[in-house]
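Hi,

Here is the structure I promised to pass on.

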Amino acid sequence: MESIMPLINAAWPFLLMIAVFYFLLYRPQKREKSQRKTFLEQLKRNSKVITVGGLCGTVKAIQGEFVVLQIAPKVEIRVAKAAIHKFQADEVEEEAAKEVAAEQAERDE
């Protein structure tokens, strides 16, 4: 028993450090990776998305690891599936549509 106590006293800081790394780094990273995988599996045709670079568009096709996005009428680009950041909120789309309509109204006058 006396020979085990010094070993436990020496080892507990390392065990504590391992536990901290597990709960603060590994678990959140694993959860985020799982959520990202689920998000990419939910991508489908006509989904409105935003890329990592900030481009907003509509998914027109999914080709393996690539996605064809329509970013404007008759303008399609091919981006890596990993470059898709999140789904576009309907509010953002409506706001952008209002801005475009306002600009067109100003040009018509």
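First, the ground rules. This is a predicted model, where local features need pLDDT of at least 70 and side-chain atom pairs count only at pLDDT 80 or more, while totals for chains, interfaces and linings use all residues. Residues are numbered from 1 along each chain as its sequence is written, and side-chain values use heavy atoms, with hydrogens and water left out.

On confidence: pLDDT is the predictor's confidence in each residue, from 0 to 100. The chain has a mean of 86, and 91% of its residues reach 70 or more. Strand 4 (residues 75–80) comes out highest, at 96, and helix 2 (residues 90–108) lowest, at a mean of 70. Where pLDDT is low, the predicted coordinates should not be read in detail.

Now the fold. There are 2 helices and 5 strands, taken as DSSP runs (H or I, at least four residues, for helices; E, at least two, for strands) and numbered from the N terminus. Along the sequence they follow the pattern α-β-β-β-β-β-α. The radius of gyration is 25 Å, well over the 13 Å from the globule rule for 109 residues, so the chain is more spread out than a compact globule. (That radius is taken over C-alpha atoms, and the rule is 2.2 Å times the number of residues to the power 0.38.) The C-alpha trace spans about 90 × 35 × 15 Å along its principal axes. Buried residues make up 16% of the 109; buried means under 20% relative accessible area, exposed over 50%, and partly exposed in between, with a 1.4 Å probe and protein chains only.

On to the rings. Rings of Phe, Tyr and Trp (its six-membered ring) pair if their centres lie within 6.5 Å, with planes under 30 degrees apart counted as stacked, over 60 as edge-to-face and the rest as tilted. That rule gives 3 aromatic pairs. In one, the centres of Phe 39 and Phe 87 are 4.8 Å apart with planes at 70°, so the pair is edge-to-face. Phe 39 belongs to helix 1 (residues 4–42) and Phe 87 to strand 5 (residues 84–87), so the pair ties together parts 48 residues apart in sequence. Phe 39 is buried, at 11% relative accessible area, whereas Phe 87 is partly exposed, at 33%. Tyr 22, Phe 23 and Tyr 26 form one aromatic cluster.

Cheers
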